[in-house]
Amino acid sequence: MTTVGAVDLLAFGPHPDDIEIGMAATIARHAKLGYRVGLCDLTRGEMASNGTPEERVAEGEAAATMLGAAWRVNLALPDGHLAEAASQVRAIVDIVRRARPAAIAVPFADDRHPDHRSAASLLASAIFKAGLRRYETADAPWHAEWVCAYFINDSATPSFVVDVSDVYDVKRQALACHASQFRPSAPGAAETRLTSPLFLQLIESRDAQFGARAGVRFAEGFVVREPVVRPLLVDRWPVAAPRP
């Protein structure tokens, strides 16, 4: 699943399980509706306490298949050392220009994990440069219609939520693909924040809370800088003809 082609939605994650934690159900919903979704992991998660880089990439591929993604690619940038270095920016620009997405999803910048904060900064720089005509690569410049941030560890008041009630079980199955992180069975596996059942409970309770606030069972939250435009205050067709 490594051939990068044009997609409607492109999601970036710092590590192979981050996209699933934050927005797996949103990806599944888009795929179910016929949209093409591409996934890009910045690192192979080689600094994690459990799982080898090879295992983590394989788990990401399995999760991508579960979610119905068109492709998943891993840039193998150095885990623990994400930065706005020219080579790292260039790798991301190449993906954006080849994928030509309408929307891009990135990690929420205010997160407890330093790699997630670094990834947010790196992605902001690279996505901006992807639209500059004088930043030369083999592909033409590309401006996505908008960039949305999803939550991994920490959250805030979302700009909007996506109702994912009908596909939430797909998120559970995608997370289960990352067994090395949530249910490690290797001899000498380390106990971490992720191996505790409370971590998966935290993810699900956050999605349930967003959902309850929106009047649905489960929802995933997103943050955007721009105002979200709605055509009207009434979100339904008029019951009568417009007044003359």
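This is a predicted model: local features need pLDDT of at least 70, side-chain atom pairs count only at pLDDT 80 or more; totals for chains, interfaces and linings use all residues.
We can start with helix H5, which covers residues 168-176. Which residues of H5 are buried? They are Tyr168, Lys171, Ala174 and Leu175. If you look down the axis of H5, these buried residues fall within an arc of 110°, so they line one face of the helix. What does that face pack against? The partners of the buried residues of H5 are helices H1 (18-32), H2 (53-67), H6 (179-182) and H7 (197-214), together with strand S7 (219-223).

Now let us pick out one of these partners, H7. Two packed helices are described by the angle between their axes and the distance between the axes. For H5 and H7, the angle is about 160° and the axes are 12 Å apart. Angles over 145 degrees count as roughly antiparallel, and H5 and H7 are therefore roughly antiparallel to each other. The crossing of H5 past H7 is right-handed. On the H5 side, the contact is made by Tyr168, Lys171, Arg172 and Leu175, while H7 brings Leu200, Ile203, Glu204 and Asp207. Sorted by class, this contact has four nonpolar and four charged residues, and no polar ones.

Our last stop is Ser155, in the loop between strand S5 (146-150) and strand S6 (160-163). Ser155 is partly exposed, with a relative accessible area of 41%. Which residues does Ser155 touch, leaving aside its neighbours within four places in sequence? Ser155 is in contact with Arg206 and Phe210. Ser155 and Arg206 are 51 residues apart in sequence, and their C-alpha atoms are 8.5 Å apart in space.

Technical notes: Residues are numbered from 1 along each chain as its sequence is written. Side-chain values use heavy atoms; hydrogens and water are left out. Buried means under 20% relative accessible area, exposed over 50%, partly exposed in between (1.4 Å probe, protein chains only). Helices (H or I, at least four residues) and strands (E, at least two) are DSSP runs, numbered from the N terminus. The arc is that of the directions from the helix axis to the C-beta atoms. Contact means heavy atoms within 4.5 Å. Axes are lines fitted to C-alpha atoms, for helices over the stretch in contact, and angles run from 0 to 180 degrees between N-to-C directions. Angles under 35 degrees count as roughly parallel, over 145 as roughly antiparallel, 65 to 115 as roughly perpendicular and the rest as oblique. A crossing is left-handed if the near helix is turned anticlockwise from the far one by less than a right angle, and right-handed if clockwise. Ala, Val, Leu, Ile, Met, Phe, Trp, Tyr, Cys and Pro count as nonpolar, Asp, Glu, Lys and Arg as charged, and the others, Gly among them, as polar.
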